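Please look over the sequence and the structure below before reading on.

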Amino acid sequence: MKQIYILLFVLLSYSCQQKEKEQTASLPTSATTKTFEERLSDAAISVIDPTIDYDPAYFSIAYPNGDVPKNKGVCTDVIIRSYRKLGIDLQKEVHEDMVTYFTEYPNLEKWGMTKTDTNIDHRRVPNLEVFFERKGEKLTVSQDPATYKTGEIVTWMINGKLPHIGIVTNKKSKDGKRNLIVHNIGGGQVLEDCLFEYEITGHYRYWK
């Protein structure tokens, strides 16, 4: 009798294990894992908030993981807040790279700075461009919308004088031809079809 119970227990355990394997195998890939780029797109979409006041003022903030007031921000804060959702602190990453490679960054010629400033360095588009090229991957700039993929970073120059930056998401334009961008150009942190609205100056991929 004892042997029968043992046999039944073994058969039941095997049956449960097989069922578990079948259920896992039947799950779509998207339900079990996402790429870094997909998670960054999700993070960018999660920070959408049209009530954010566009405020380029200088703020004294904590270090590391410092942030300007939650109801304020500029285009770079979209990038910083999105990456922080994935546990990456660009304030810290940019600062540490600038400490060692300060002359690689345009601080002296653009702003007359002779040393790093953890309050503002990571909130400047030209600095992020240098950082993403140095520590990530610089990608092709083109007028082909298929070139710009989910989770990538795009920079622009608006009216020949205002550097701008945004994150490419997995959401599509109404005609299905372009990925939508999360950015802040004055109307809060929003999702828009603006990839080719301005002159593209940079295209990057950065992960850690």
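The notes below describe this structure, beginning with the chain as a whole and moving on to details.

This is a predicted model, and its protein chain has seven helices and eight strands. Of the 208 residues in the protein chain, 42% are buried.

**The chain as a whole**

**The largest pocket**

- The volume of the largest pocket is about 290 Å³, and 14 residues line this pocket, with V74, R123, R124, V125 and P163 lying nearest its centre.
- By residue type, the lining of the largest pocket consists of ten nonpolar residues, one polar residue and three charged residues.

**The nonpolar cores**

- In soluble globular proteins, nonpolar side chains tend to be buried together.
- Here the largest nonpolar core has 25 residues, and those with the most contacts inside it are I79, Y83, L90, F132, I153 and I165.
- At least two residues of this core come from each of α3 (36-46), α4, α5 (90-100), α7 and β5.
- Leaving aside residues up to four places away in sequence, F132 touches I79, Y83, L90, E137, I153, I165, Y204 and Y206.
- There is also a second, separate core of eight residues, which includes V154, W156, V168 and C194.

- The peptide bond that joins Y63 and P64 is cis, with an omega of about -5 degrees, and P64 is found in the loop between β1 (53-54) and β2 (72-73).
- N65 lies in the loop between β1 and β2, and this residue has a positive phi of about 55 degrees although it is not a glycine.
- Is N65 buried or exposed? With a relative accessible area of 52%, N65 is exposed, because the cut-off for counting as exposed is over 50%.
- N159, which is also not a glycine, has a positive phi of about 55 degrees, and its place is in the loop between β4 (153-158) and β5.
- The relative accessibility of N159 is 69%, so N159 counts as exposed.

Technical notes
Residues numbered from 1 in each chain as written. Predicted model: local features only at pLDDT ≥ 70, side-chain atom pairs only at ≥ 80, totals over all residues. Heavy atoms only, no water. Helix = DSSP H or I, 4+ residues; strand = E, 2+ residues; numbered from the N terminus. Buried < 20%, exposed > 50% of the residue type's maximum accessible area, 1.4 Å probe, protein only. 1 Å grid on protein atoms, 1.4 Å probe; cavity = no way out; pocket = protein on both sides within 12 Å on 5 of 7 lines; lining within 4 Å. Points joined across faces, edges and corners; volume = space filled by probe spheres on them. Nonpolar A, V, L, I, M, F, W, Y, C, P; charged D, E, K, R; others polar. Core = buried A, V, L, I, M, F, W, Y, C linked by side-chain atoms within 4.5 Å. Contact = heavy atoms within 4.5 Å.
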